[in-house]
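Colleague: I'm new to this one and would like a close look at a single part of it. Could you start there and then walk me through the rest?

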Amino acid sequence: MEKRLQAVYRDGVLRPLESVQLEESQQVSVTIGDPTAVDQDIAGYFTPEEWAEAVHDDISLDEVRRALSTISGSLSEAVIALRQER
């Protein structure tokens with residue numbers, strides 16, 4: 001089972017902010033990330049070349065709306081799928 005959840009570290013104990021289905025004394029693997037650092041660091045999603053090309057993009061709001069309307073499912077699912085392809 002793999003589940004992503006938020007937790008708080010207090011008094012030497014990592015406490016999940018939601019209920020988890022674990023047996024008493026069950027060992028689990030934990031990966032710790034700083035969600036604020038991830039949200040603020042968007043520069044790593046694009047190469048310097050992509051940023052340089054984007055300066056010359058002259059895209060209208062209508063073009064953006066048309067492109068977004070072709071996405072099936074949710075926008076977040078589409079972004080996740082795109083990132084997994086890279």
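Does Arg86 count as buried or exposed, and at what relative accessibility?

Modeller: Arg86 counts as exposed, at 61% relative accessibility. That label goes to anything over 50% relative accessible area, while under 20% is buried and the range in between is partly exposed, using a 1.4 Å probe and protein chains only. Before going on, a word on what you're looking at: this is a predicted model, where local features need pLDDT of at least 70, side-chain atom pairs count only at pLDDT 80 or more, and totals for chains, interfaces and linings use all residues. Residues are numbered from 1 along each chain as its sequence is written, and side-chain values use heavy atoms, with hydrogens and water left out.

Back to Arg86, then. You'll find Arg86 in the segment after helix H4 (75–85). If you set aside its neighbours within four places in sequence, Arg86 is in contact with Tyr45 and Glu50, contact being heavy atoms within 4.5 Å.

Now let's step back to see what surrounds that segment. The protein has four helices and two strands, and from the N terminus the order is β-β-α-α-α-α. These come from DSSP runs numbered from the N terminus, with helices (H or I) needing at least four residues and strands (E) at least two. Of the 86 residues in the protein, buried ones make up 0%. The accessible surface comes to about 8,500 Å², and 52% of that belongs to carbon and sulfur atoms; these areas come from the Shrake-Rupley method with a 1.4 Å probe, and for residues only the protein chains shown count as cover.

How far can you trust the picture? The mean pLDDT (the predictor's confidence in each residue, from 0 to 100) is 82 for the protein, with 88% of its residues at 70 or more. Where pLDDT is low, the predicted coordinates should not be read in detail.

With that in mind, let's go to the strands. E1 (residues 7–10) and E2 run antiparallel and are joined by four bridges; strands pair here if DSSP finds at least two bridges between them. Across the pair, Arg10 stands opposite Val13 in E2. The hairpin of E1 and E2 has two residues between the strands. Asp11 sits in that loop between E1 and E2, and its phi is positive, about 55 degrees, although Asp11 is not a glycine. Asp11 counts as exposed because its relative accessibility is 72%.

Ser25 is another non-glycine with a positive phi, about 70 degrees. Ser25 belongs to the loop between E2 and H1 and is exposed, with a relative accessible area of 69%.

Val20 is also in the loop between strand E2 (13–16) and helix H1 (35–40), but Val20 is partly exposed, at 31%.

Side chains of opposite charge can pair when their charged atoms come close. With the rule of a side-chain nitrogen of Lys or Arg within 4 Å of a carboxyl oxygen of Asp or Glu, the count comes to two. One joins the side chains of Glu18 and Lys3, at 3.1 Å from N to O. Since Glu18 lies in the loop between E2 and H1 and Lys3 in the segment before E1, this pair ties together parts 15 residues apart in sequence. Glu18 is partly exposed at 37%, and Lys3 is partly exposed at 47%.

The side chains of Asp62 and Arg65 also meet in a salt bridge, at 3.9 Å from N to O. Asp62 and Arg65 are three residues apart in helix H3 (residues 61–69), so about one helical turn separates them. Asp62 is partly exposed at 46%, whereas Arg65 is exposed, at 52%.
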